[in-house]
Structure formats: C-alpha cells, structure tokens
Amino acid sequence: MMGKNSSACSFEEKESDKSLSVAGRRIGSLVRQLAATSMEGQADRDGDLRFQPTAGSAVSAFQHLEQAPEDPILGVTVAYNKDPSPVKLNLGVGAYRTEEGKPLVLDVVRQAEELLIQDRSRYKEYIPIAGLVEFNKLSAKLILGDGSPAIGEKRVATAQCLTGTGSLRVGAEFLSKHYSQHIIYIPVPTWGNHPKIFNLGGLSVKTYRYYDPRTSGLDYEGMLEDLHAAPPGAIVLLHACAHNPTGVDPTQDQWEGIRQLIRLKGLLPFFDSAYQGFASGSLDADAYSVRLFVGDGGECLIAQSFAKNMGLYGERVGALSIVCRSATVATRVESQLKLVIRPMYSSPPIHGASIVATILSDRNLYYNWTVELKNMADRIISMRHQLYDALKARGTPGDWSHIIKQIGMFTFTGLNKDQVSFMTAEYHIYLTSDGRISMAGLSSKTVPHLADAIHAAVLRLG
Ligand code: KET
C-alpha cells in the first residue's frame with residue numbers, strides 16, 4: 001500500500017514539475033515579450049519588470065495625479081495647526097469652543113456615556129441598516145415636535161445616517177433613484193459641501209438667490225422669483241435655521257410665503273437641519289420652518305445633524321427623515337433607503353446614536369441638555385455683542401450691525417478675500433476666505449485681537 005501510494009505520489013510530482021516548467025517557460029517568454037514592447041523597454045538583468053507601475057517600481061499608477069487643494073473649510077484648521085504663533089485663533093470650522101478656547105464635551109454626553117459603559121447587556125453587534133429604531137423615533141420627534149400628526153400617522157421614514165453630510169448624501173441618492181425630478185435648487189451662498197454632495201448623489205444643481213450683500217439680509221423677492229421659475233417638481237434645499245454661511249433666516253411671514261410658493265408649484269423641500277437649538281437656544285423655535293411645512297400635510301425630506309447641538313462632531317450621528325403622504329408609502333420608502341445604504345456603508349455606527357437615544361429618552365438628561373444647549377447659544381450671542389461693541393469702540397469704518405442681527409454659529413462679515421489673507425498673515429487669525437467667522441470659536445479674551453485685525457484690514461484694504 002505504502003509503495004503504491006508513494007509511487008503514485010512521485011508520478012504526480014513529476015507531472016506537476018513538468019506543468020510547472022511549462023508554465024514557467026510561458027511566463028518567461030511573456031515577460032521577455034512585454035519587456036521588448038514596453039514603452040520604457042527596460043527589464044533589468046534579473047527579469048524584474050521596471051515598467052510595471054503596480055510592481056512597486058519607479059513609476060506609480062497614480063503618477064499623473066495633481067496635488068488636490070485643501071477643503072475650503074476643514075483646510076483652514078490644517079493651516080491653523082501648522083502655525084506656531086501663540087496668538088493664533090481658529091475661526092474657520094463651525095465647532096463650539098468654551099470661553100477658554102477649548103472643545104466642549106457636554107456633561108449630559110459624559111453622563112450618557114457612563115450609563116452606556118455600565119450597562120453590560122450592551123454589545124457591539126452590527127445594528128440594522130437603517131440604524132437604531134429608538135434613535136430614529138426620537139430624532140424624528142425632536143425635529144417634528146411632540147404631538148406631530150405625521151409621526152402619529154406613521155408617515156415618516158427615518159434612517160440613522162452619518163450625520164448631516166451622510167443624511168444629505170443618502171437623501172440625494174434616494175431622490176436620484178426614485179424621484180421624477182433630478183434638479184435641486186440651492187441658495188447662494190450656501191455651505192460649500194452642498195453642491196458636491198448633490199452632484200455626486202446624482203442630482204443636477206441649480207441655484208436660487210438668497211443673500212443680498214447690499215442689505216446684508218435676505219433677498220426675499222429674488223428667492224421667490226427664482227423658485228417660481230423652477231421646473232415643476234424641482235427639489236429645493238432649505239436651511240432649516242441659522243443659514244450657513246450668512247446667518248440670515250427668513251422671518252416667519254417669509255417662511256409662510258416660501259411654503260405657499262413651494263406647495264403651489266409642487267416643488268419638493270429638502271431641509272438641512274444642522275443647527276437646531278443653536279440659532280435661538282430653543283429646539284422648538286429652531287424647528288419652526290420644518291414644522292410649518294410638515295403641518296400642511298405635504299411631503300419633504302429632512303437631514304438632521306447632532307454634531308453641533310450635542311457636540312458629537314466626531315461621532316458622526318444624524319438622521320434622514322422623509323415625510324410621506326401615507327404610512328404605506330413611508331414603509332416602502334424606508335425599504336428603499338436601506339437599499340441605498342447597504343452598498344454604501346452597510347449600517348451606521350452604534351455609539352453616537354446610543355448617546356443621543358439615551359439623552360433624548362431620559363427626562364432629566366433631556367432637560368439638562370436643553371440647559372447646556374441654551375448656554376452655548378447664549379455664549380455665541382454674547383460674542384456677537386462683544387465683537388460689535390469692540391468695532392464700534394475702535395471706530396472701524398462700516399455698518400457692523402449685521403454682526404448682532406445674524407443668527408447661529410457664524411457671522412458673514414463682508415470682509416473680502418484679501419482682507420482675510422491679511423488677517424491671517426498679520427494677526428494669525430484663521431477664517432474661511434468668504435469672510436465667514438465662526439462666532440463659537442471666539443471668547444471674551446480673543447475679541448479684542450479679532451477686532452484689531454478687522455479694524456486694520458478695513459483701514460488697509462477697505
Ligand atoms: N449642513 C450645514 C449647513 C453645515 O453647515 C454642516 C457643517 C453640515 C450640514 C454637516 O455637518 P455634519 O458634521 O456632517 O453633521 N458645517 C461645518 C463643518 C463642515 O464644514 O463640515 C462648517 O460649515 O464649518
């Protein structure tokens with residue numbers, strides 16, 4: 001038996017030796033052929049292919065790439081981090097800082113995390129494609145209001161997404177697959193990521209007038225004219241509150257006018273709600289526009305972010321809600337949202353959504369959150385007054401009243417690109433080149449430095 005087996009084995013070995021050497025000869029000849037016909041025509045003496053980019057040799061498969069520019073907003077932080085100056089100030093990205101200039105983790109977030117850690121029944125299993133059911137319910141309730149009929153009638157499909165950005169992107173891909181009209185109107189100006197998200201999500205981007213630099217206010221007429229001229233069914237991106245970058249929101253009467261026109265023309269509103277609670281300090285007041293539209297029984301999409309109002313920036317937690325005409329449609333919409341999400345990132349992360357669900361479902365934590373949120377909003381409002389007073393005190397030319405009139409995290413100063421570059425070069429103050437200042441990054445200690453910089457920039461380059 002042994003002998004038989006061993007001889008069979010050696011026969012197989014010989015056979016495989018033979019086929020190996022045939023294969024070897026074939027590869028050898030292929031290599032020689034390739035070497036002879038290659039553009040560079042160089043294989044070294046050992047037969048290594050120098051011209052093969054993926055072989056880890058001189059020429060990279062990505063050789064042709066140009067250096068991409070930094071992101072216009074997040075790139076400001078990159079530049080700030082490289083500056084060794086002790087007086088440097090980052091007023092670029094919209095991220096809250098304390099009076100001491102430090103990032104803030106809310107007390108309620110710390111408390112919720114303690115509760116989560118202590119609960120040994122919690123696992124790190126995959127969560128459903130559309131996210132945590134409890135989180136979705138609570139998020140929809142937060143934006144639509146406690147007794148919202150749309151929620152009561154189960155007309156809202158909600159999916160936990162990777163914060164505001166991810167919710168917008170999932171919404172865009174859903175619309176490009178399932179909605180009859182692929183044109184989306186966005187305001188001028190708007191958050192710089194909007195056109196990129198919607199283009200990549202398969203929509204075609206057009207703009208409507210929004211900000212009037214002459215009045216530093218809303219171009220209401222222009223906005224209505226442009227929306228009136230939009231093709232039927234077009235999607236309209238609306239900032240739910242605290243418009244970024246202008247800090248200019250429509251009044252309640254203007255919202256009603258916008259709603260009537262949008263409904264009359266059968267346009268589809270898509271709300272970006274990244275700052276609920278940050279505009280006025282009240283979660284309900286900041287949801288006014290969304291609730292106005294949902295209250296008329298019509299359909300809309302809402303992208304919600306918990307980055308700013310819970311300070312959960314890096315946890316990437318948010319939600320996309322689609323308010324539908326009926327419960328049956330909402331169920332189907334949710335099933336289709338899952339088909340968008342599954343091949344994109346499969347399912348969302350568990351930790352941030354668990355924090356949010358813990359806070360929103362606990363009466364005490366929820367109350368404490370509203371107090372902390374109001375403190376953040378109030379500190380930003382106080383920064384507006386301090387900056388305005390400081391410019392007045394210096395006699396800086398110009399009308400700076402928009403600093404105290406604007407709403408939310410940002411002041412759209414009206415400073416131009418050159419003035420911004422001057423402030424960065426001479427005062428180490430970092431802001432986006434459109435002159436937007438993140439008021440949340442300012443403190444009583446840094447206001448004079450900023451006011452000096454603005455004053456000098458206006459006098460020098462006014
Ligand atoms: N919408 C708006 C209007 C917005 O300003 C931001 C972020 C987002 C959505 C998305 O945030 P997310 O973290 O995905 O929930 N804006 C600030 C940060 C950034 O640019 O990413 C900013 O404008 O500074």
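Picture a 1 Å grid laid over the protein atoms alone: a pocket is an open set of points with protein on both sides within 12 Å along at least five of seven lines, whereas a cavity is a set of points where a 1.4 Å probe fits but cannot get out. A molecule sits in one of these if more than half of its atoms lie within 2 Å of its grid points. By that test, the ligand here sits in the largest pocket.

A quick word on what you're looking at: this is a predicted model, where local features need pLDDT of at least 70, side-chain atom pairs count only at pLDDT 80 or more, and totals for chains, interfaces and linings use all residues. Residues are numbered from 1 along each chain as its sequence is written, and side-chain values use heavy atoms, with hydrogens and water left out.

Now for the ligand's surroundings. There are 18 residues around it, and Thr165, Asn244, Asp272, Tyr275 and Ser305 come nearest (near means that a heavy atom of the residue lies within 4 Å). This shell splits into seven nonpolar, seven polar and four charged residues, with Tyr, Cys and Pro among those counted as nonpolar and Gly as polar. Both domain 1 (73-104 + 377-461) and domain 2 (126-361) supply at least three residues to the shell; the bounds come from an automatic or database domain assignment. Helix H6 (residues 163-178) gives the most, with three residues. Helices (H or I, at least four residues) and strands (E, at least two) are DSSP runs, numbered from the N terminus.

What about polar contacts, meaning pairs of N or O atoms within 3.5 Å? A polar side-chain atom of asparagine 244 is 2.6 Å from a ligand oxygen, and a polar backbone atom of glycine 94 is 2.8 Å from an oxygen of the ligand. Arginine 316 also places a polar side-chain atom 3.0 Å from a ligand oxygen. Taken alone, the ligand exposes 520 Å², and the protein buries 92% of that (areas by the Shrake-Rupley method with a 1.4 Å probe).

Asparagine 244 turns up again in the backbone: its peptide bond to proline 245 is cis, with omega near 15 degrees. Proline 245 lies in the loop between strand S7 (235-239) and helix H9 (252-264). Another cis bond runs from valine 188 to proline 189, with omega near -5 degrees.

Notes:
Polar contact = N/O pair within 3.5 Å; in protein donor to acceptor, adjacent residues only side chain to side chain. 1 Å grid on protein atoms, 1.4 Å probe; cavity = no way out; pocket = protein on both sides within 12 Å on 5 of 7 lines; lining within 4 Å.
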